[in-house]
Each structure stands twice: as structure tokens, then as C-alpha cells.
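Here is a friendly briefing on charged pairs and strand pairing. Please have a look at the sequence and the model first.

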Amino acid sequence: DEWTFEGDLALLKLKVPVEITAAALISEKNFEDEVRPLDEVVMLGCPDASEVPLPTTGHVASLSDVRAGIGLMLSQVFGNPGSSGSAVYRFSPERNRYEVIALHSLTDGRGSLTSLG
């Protein structure tokens with residue numbers, strides 16, 4: 001498998017000061033040891049360049065194979081058009097914080113990344 005899709009990353013700029021660390025990136029070891037199907041997740045994105053971030057919630061549906069060096073995770077979190085690149089967070093009770101566990105992207109029926117999201 002080889003993907004030619006470049007992908008994207010959503011960045012949010014907050015208009016208010018944040019006094020706590022909002023989220024951290026989960027380590028690969030912690031991901032493998034802790035993330036399981038049915039874990040609750042939250043995605044925060046700005047679909048269609050919305051000025052107001054839109055949170056959506058769901059759960060991890062399955063953890064898939066690695067393709068072209070990228071691990072795939074299926075989640076049941078609703079992603080509005082334009083939400084590709086949004087962070088998917090999971091609360092870690094072990095570290096008492098939210099951690100980024102994935103970036104939202106759409107795939108087709110074969111698991112290939114698309115540019116539709």
C-alpha cells in the first residue's frame with residue numbers, strides 16, 4: 001500500500017487565555033497499551049471554516065491494520081464536511097488529561113484516504 005494523499009491538519013486559535021494544558025499527544029506505547037474499542041472520544045473541528053469550533057462525541061469502533069506506515073482507527077464520531085485534520089481526543093484516567101489519539105480523515109470503502117472530508 002502506498003498513499004499519495006497529502007492530508008491536512010486543523011489548527012485552532014483560541015480568543016481567550018487557557019490556564020491549563022488542554023491536551024497532549026498520546027505516546028505510541030500508551031496508545032497500544034490503553035486505547036480500546038468503545039473508548040469514548042471527542043473531536044473538535046471547524047467545518048467549512050466555521051469561526052466557532054464544533055465538538056462532536058463518539059467512540060472508538062475498531063483498531064485497524066497499519067497501511068503505508070500509518071495506523072488506522074475507525075471511530076464512530078460524526079465528522080462534518082471540512083473537518084478533516086481535526087484532532088480526536090480520548091481522556092486518559094491514568095494521566096488525568098485529554099490526549100490526541102488520532103487525526104480525523106475520511107476513507108473510502110477499501111480504507112484508502114480521500115480528499116472529501
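Buried means under 20% relative accessible area, exposed means over 50%, and partly exposed lies in between (1.4 Å probe, protein chains only). Helices (H or I, at least four residues) and strands (E, at least two) are DSSP runs, numbered from the N terminus. This is a predicted model, in which local features need pLDDT of at least 70 and side-chain atom pairs count only at pLDDT 80 or more, while totals for chains, interfaces and linings use all residues. Residues are numbered from 1 along each chain as its sequence is written, and side-chain values use heavy atoms, with hydrogens and water left out.

- Strand S5 covers residues 87-92, and because 5 of its 6 residues are buried, the strand is largely enclosed by the rest of the structure.
- Two strands pair if DSSP finds at least two bridges between them.
- On one pairing, S5 runs antiparallel to strand S2 (residues 40-45), joined by 3 bridges, and Met43 stands opposite Val88 in S5.
- S5 also runs antiparallel to strand S6 (residues 97-103), this time with 6 bridges; here Ser92 stands opposite Arg97 in S6.
- The hairpin of S5 and S6 has 4 residues between the strands, and Asn96 takes a positive phi near 55° there.

**The salt-bridge network**

- A salt bridge is a side-chain nitrogen of Lys or Arg within 4 Å of a carboxyl oxygen of Asp or Glu, and the structure holds 6 of them.
- Side chains of opposite charge can pair when their charged atoms come close.
- A network of salt bridges links Glu34, Asp39, Arg90, Arg95, Arg97 and Glu99.
- Glu99 is buried, at 1% relative accessible area.
- One salt-bridge partner of Glu99 is Arg95, at 2.6 Å from N to O; Arg95 is partly exposed, with 25% relative accessibility.
- Glu99 also forms a salt bridge with Arg97, where the closest N and O atoms are 3.0 Å apart, and Arg97 counts as partly exposed at 36% relative accessibility.

- Asp33 is partly exposed, at 42% relative accessibility, whereas Lys29 counts as exposed, at 55%.
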